[in-house]
Amino acid sequence: MELTEIHGGESQVLIFLRHYGCIFCREQVSELRDHPELRVTFVALGTQAEAARFREFMKSPHPFVVDSQLALYHRFGFGRARPTQLMNGNVIKRGVRAMFHGHSPASPNADPFVIGGLVVVRGDGTVAQVEPARDAAETYSPASLNGWLDRAGDATESAAASANPASSGR
């Protein structure tokens, strides 16, 4: 899959999800659904049908790209997590916080050991930034995503005005 097929001529942030049962992925998609103006595309594992069901379940206004063969994940160096990326103090603390905010984990639809991250693609299709997730709990606030787009060269002003504080410091 080529990046020009994803970005549509505008800078985009690609957020690579772990799996649809991941509590942090659910939290991420949920937080961003209130910000349809953000140019975000979720990259996920599984099938087109699973992606469509998850997107509908989460009521996400953002597009999903299915990478069932992990081609994009591998292209950007996102692979299997180290054990310390799946279980550490931050993951436990953030998991409890996510549950208090009404999110819950579910059965994984794909390899639960995959780790994701963020890729910023400029409007011309070049990659501006690749940020592997520090751990399974890594999520990105609307403000941080707008900042990534701004650094790539064309941010959405309305996203900065309505952004929430960072979920995990980014």
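A cavity here is a set of grid points where a 1.4 Å probe fits but cannot get out, and its lining residues have an atom within 4 Å of a point. The model is predicted. By this rule it holds two cavities of 30 Å³ or more.

**Largest cavity**
- The largest share, three residues, comes from α2.
- By class, this lining has 10 nonpolar, four polar and three charged residues.

**Second largest cavity**
- The volume of the second largest cavity is about 30 Å³.
- Leu17, Arg18, His19, Tyr20, Ala44, Leu45, Tyr73, Asn109 and Ala110 line it.
- Six of these lining residues are nonpolar, two are polar and one is charged.

**Nonpolar cores**
- The largest nonpolar core has 34 residues, and Val13, Ile15, Leu17, Phe42, Phe64 and Leu145 have the most contacts inside it.
- At least two core residues come from each of β1 (12-16), α2 (23-32), β2 (40-44), α3 (48-58), β3 (64-66), α6 (89-100), β4 (117-121) and α7 (142-152).
- α2 gives the most to this core, with five residues.
- Another core, of 14 residues, lies apart from it; Leu45, Tyr73, Ala110 and Val114 are among its members.

**Contacts of Val13**
- Leaving out residues up to four places away in sequence, Val13 touches Arg39, Val40, Thr41, Leu118, Val119, Val120, Leu145, Trp148 and Leu149.

Technical notes:
Residues numbered from 1 in each chain as written. Predicted model: local features only at pLDDT ≥ 70, side-chain atom pairs only at ≥ 80, totals over all residues. Heavy atoms only, no water. Core = buried A, V, L, I, M, F, W, Y, C linked by side-chain atoms within 4.5 Å. Buried < 20%, exposed > 50% of the residue type's maximum accessible area, 1.4 Å probe, protein only. Helix = DSSP H or I, 4+ residues; strand = E, 2+ residues; numbered from the N terminus. Contact = heavy atoms within 4.5 Å. 1 Å grid on protein atoms, 1.4 Å probe; cavity = no way out; pocket = protein on both sides within 12 Å on 5 of 7 lines; lining within 4 Å. Points joined across faces, edges and corners; volume = space filled by probe spheres on them. Nonpolar A, V, L, I, M, F, W, Y, C, P; charged D, E, K, R; others polar.
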